[in-house]
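Try each task before reading its solution.

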Amino acid sequence: MQLLSLEGDYGLRAIIYLSCQPSGKITYVSEIARDQLIPVNFLFKILRKLVKHGLVKSYRGPHGGYALAKDASGIT
């Protein structure tokens, strides 16, 4: 019996990883993917959904990446 889809599992792991980063740190997708063993292209797709739902904020440009959109204690 599977309780969580693969996409849900990876999304949760990405949010937990971001919540462990110092406040305000922008994290590269490749760093999350490497640490959590998530395929990069699939992680991009998941992070887009998390941005759309306001859980994660994306930053564009050469020093772009992702960070939590709000304090980790506010995410349930």
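Predicted model: local features only at pLDDT ≥ 70, side-chain atom pairs only at ≥ 80, totals over all residues.

## Exercise 1: Charges and surface

Task: Find how many positive and negative side chains the protein has, and how far apart the centres of the two sets lie.

Solution. Start with the counting rule: Lys and Arg are positive, Asp and Glu are negative, and His and the chain ends are not counted. Each charge is placed at NZ of Lys, CZ of Arg, CG of Asp or CD of Glu. On that basis the protein has 10 positive and 5 negative side chains, with 9 Å between the centres of the two sets.

Residues are numbered from 1 along each chain as its sequence is written, and side-chain values use heavy atoms, leaving out hydrogens and water.

## Exercise 2: Overall fold

Task: Work out which pattern the protein follows along the sequence, and how its radius of gyration relates to the globule rule.

Solution. First assign the elements: helices (H or I, at least four residues) and strands (E, at least two) are DSSP runs, numbered from the N terminus. This gives 3 helices and 2 strands. Read along the sequence, they follow the pattern α-α-α-β-β. The radius of gyration is 12 Å, close to the 11 Å that the globule rule gives for 76 residues, so the protein is as compact as a globular protein of that length. Here the radius is taken over C-alpha atoms, and the rule is 2.2 Å times the number of residues to the power 0.38. Along its principal axes, the C-alpha trace spans about 40 × 25 × 20 Å.

Now turn to contacts, meaning heavy atoms within 4.5 Å. Among contacts between residues at least 6 apart in sequence, 45% join residues at least 24 apart.

## Exercise 3: The nonpolar core

Task: Identify which residues of the largest nonpolar core touch the most other members.

Solution. Begin with burial: buried means under 20% relative accessible area, exposed over 50%, and partly exposed in between (1.4 Å probe, protein chains only). Of the 76 residues, 32% count as buried. A nonpolar core is a set of buried Ala, Val, Leu, Ile, Met, Phe, Trp, Tyr and Cys residues joined through side-chain atoms within 4.5 Å. The largest one has 16 residues, and Leu-18, Ile-32, Leu-43, Leu-47, Leu-50, Val-56 and Tyr-66 touch the most other members. Two or more residues come from each of α1 (6–19), α2 (29–36), α3 (40–52) and β2 (65–68). The largest share, 5 residues, is from α1.

To see one member's surroundings, select Tyr-66. Beyond its neighbours within four places in sequence, its contacts include Leu-18, Val-29, Phe-44, Leu-47 and Val-56.

## Exercise 4: Helix α2 and what follows

Task: List which residues of α2 are buried, then decide whether Leu-37 is buried or exposed.

Solution. In α2, the buried residues are Val-29, Glu-31, Ile-32, Ala-33 and Gln-36. They pack against α1, α3 and β2.

- Glu-31, with a relative accessible area of 18%, is in contact with Tyr-17, Gln-21 and Lys-25.
- Ala-33, at 5%, is in contact with Ile-38, Val-40 and Leu-43; the C-alpha atoms of Ala-33 and Leu-43 are 6.9 Å apart.
- Gln-36, at 18%, is in contact with Arg-13 and Tyr-17.

Now step past the helix. Leu-37 is in the loop between α2 and α3 and is exposed, with a relative accessible area of 69%. Although not a glycine, Leu-37 has a positive phi of about 55°.
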